[in-house]
Amino acid sequence: MNRDLPGGLDAMVRDLLAWFAARARPLPWRRDYEPYRVWLSEIMLQQTQMDRAVGYFERFTARFPDVASLAAASEEEVLKLWEGLGYYSRAKNLLAAARLVAARHGGRVPDDPEALRALPGVGPYTAGAVASIAFGRDVPAVDANVERVFARLFDLDLPPREPATAAFIRKTAAQMIPPGKARELNQALMELGALVCLPKKPRCSECPLAGRCEALRLDLVFERPVPAKAAAYIPLEVATGLLVRQGRVFVQKRPATGVWAGLWEFPGGTVESGETPEQAVVREFMEETGLRVAVTGRLAVVRHGYTRYRVALHCFSLRDADGEAPQPALHAAQEGRWAALPDLDGLAFPAGHRKLIDRLGRDIPFPGPALP
DNA sequence: TATCCGTGGCC
DNA sequence: TGGCCAAGGAT
């Protein structure tokens with residue numbers, strides 16, 4: 001990592017501010033930088049793309065033009081205006097914070113980073129952003145854009161969230177601020193990240209800092225920022241089976257809570273240690289349905305992922321092990337059904353089971369005798 | 001510290 | 001087309 005600044009910070013800041021003055025997008029809250037509007041924009045932009053947030057901002061400020069009107073609002077109406085934007089706790093926190101501002105700060109958004117930080121929904125980034133952009137306080141505002149710009153500019157060879165890297169970024173971001181110019185500089189860094197220093201498609205030929213970018217000089221732009229250590233994926237062996245009677249396969253609807261709530265599935269479950277997938281599917285059928293089944297064939301191993309798991313789904317064809325074949329119990333489901341192959345298309349399955357279904361009748365034969 | 005929270009665009 | 005990502009914060 002090169003922490004020396006080619007040409008020095010001053011020249012870099014000068015070029016960056018000139019670029020921002022020329023290229024800054026005319027956003028609604030940039031008209032007058034009214035603190036309430038800046039604050040609202042920062043909340044709406046958390047994990048949300050600009051194009052999507054602007055329309056919501058216009059509708060929201062038309063209905064709630066200031067802290068007082070928002071503080072007097074019902075949560076229901078605030079949520080209605082937030083509908084579709086996602087991360088709804090932002091809306092609830094915003095309303096709670098507006099009421100706090102009305103009660104404790106006389107309806108004026110505080111200009112102090114610490115006071116801002118105390119408001120619900122305001123973290124380190126948003127506190128710095130509002131203090132600098134709305135009030136011109138000389139504090140940094142480091143978001144993912146700034147992290148990416150710095151990672152490339154200084155060729156940082158550790159992930160931006162690493163403590164040492166984060167400290168360097170924050171310290172440098174603070175040092176770069178010309179006195180009284182934090183509003184412009186912080187926005188310029190973020191704007192550069194949003195318009196030019198893009199994650200997958202950097203536009204280095206348009207970058208005002210290209211001549212000072214260490215990653216570009218070393219042809220490492222696409223290697224920066226270094227991704228954080230990927231959350232360790234947990235390999236999971238899962239077994240499931242198709243029990244067919246008279247051309248129909250048993251499926252069950254999962255409970256209303258928990259993972260895949262309300263989705264349909266073939267019974268099955270995790271392969272425990274010391275257990276083969278065949279043994280697991282027989283055991284799981286007994287536990288979940290009370291049925292004694294026997295494996296008649298291996299259909300496929302479907303690989304898929306969800307959240308942090310990487311699943312190998314072992315799929316078997318099954319038959320009733322007993323002559324007598326009672327109806328399945330529902331120990332792990334709210335509903336059961338015997339479904340013909342075409343019926344499965346009308347039910348919602350988790351991705352792994354859906355992959356299996358999509359292959360049935362194509363490269364995997366539907367087990368048992370032909371459909372009636 | 002890791003995980004959850006929502007949605008739409010992207011390739 | 002499904003998996004990944006995008007102006008974070010709370011727990």
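This is a predicted model: local features need pLDDT of at least 70, side-chain atom pairs count only at pLDDT 80 or more; totals for chains, interfaces and linings use all residues.
Cys213 is buried, at a relative accessible area of 12%; buried here means under 20% relative accessible area, with exposed over 50% and partly exposed in between, for a 1.4 Å probe and protein chains only. Cysteines raise the matter of disulfides, each defined as a pair of cysteine sulfur atoms within 2.5 Å. The structure holds zero disulfides. Cys213 is accordingly in none, and the nearest cysteine sulfur, that of Cys204, is 6.3 Å away. Cys315 is also buried, with a relative accessible area of 1%.

Residues are numbered from 1 along each chain as its sequence is written, chains are lettered from A and ligands numbered from 1 in the order in which they are written, and side-chain values use heavy atoms, leaving out hydrogens and water.

Let me turn to the overall division. Chain A is divided into domain 1 (8–223) and domain 2 (234–359), with bounds from an automatic or database domain assignment. The centres of the two domains, taken over C-alpha atoms, are separated by 47 Å.

Next, the helices, which are DSSP runs of H or I with at least four residues, numbered from the N terminus. Helix α1 covers residues 8–23. Among its buried residues are Leu9, Trp19 and Phe20. Which helices do the buried residues of α1 pack against? They pack against α9 (144–153), α10 (163–176) and α11 (182–195). Asn145 lies in helix α9 and is buried, with a relative accessible area of 17%. Not counting residues up to four places away in sequence, Asn145 touches Met190, Gly193 and Ala194, where contact means heavy atoms within 4.5 Å.

I close with the aromatic rings. Rings of Phe, Tyr and Trp (its six-membered ring) pair if their centres lie within 6.5 Å; planes under 30 degrees apart count as stacked, over 60 as edge-to-face and the rest as tilted. The structure holds eight aromatic pairs. One of them joins Trp29 and Phe57 edge-to-face, at 4.9 Å centre to centre with 65 degrees between the planes. This pair links distant parts of the chain, 28 residues apart: Trp29 is in the loop between α1 and α2 (35–44), and Phe57 is in helix α3 (residues 50–63). Trp29 is buried at 4% relative accessibility, and Phe57 is buried at 0%. Finally, Phe60, Phe64 and Trp82 form one aromatic cluster.

Definitions and conventions. Helices (H or I, at least four residues) and strands (E, at least two) are DSSP runs, numbered from the N terminus. The expected span of a helix is 1.5 Å times one less than its number of residues.
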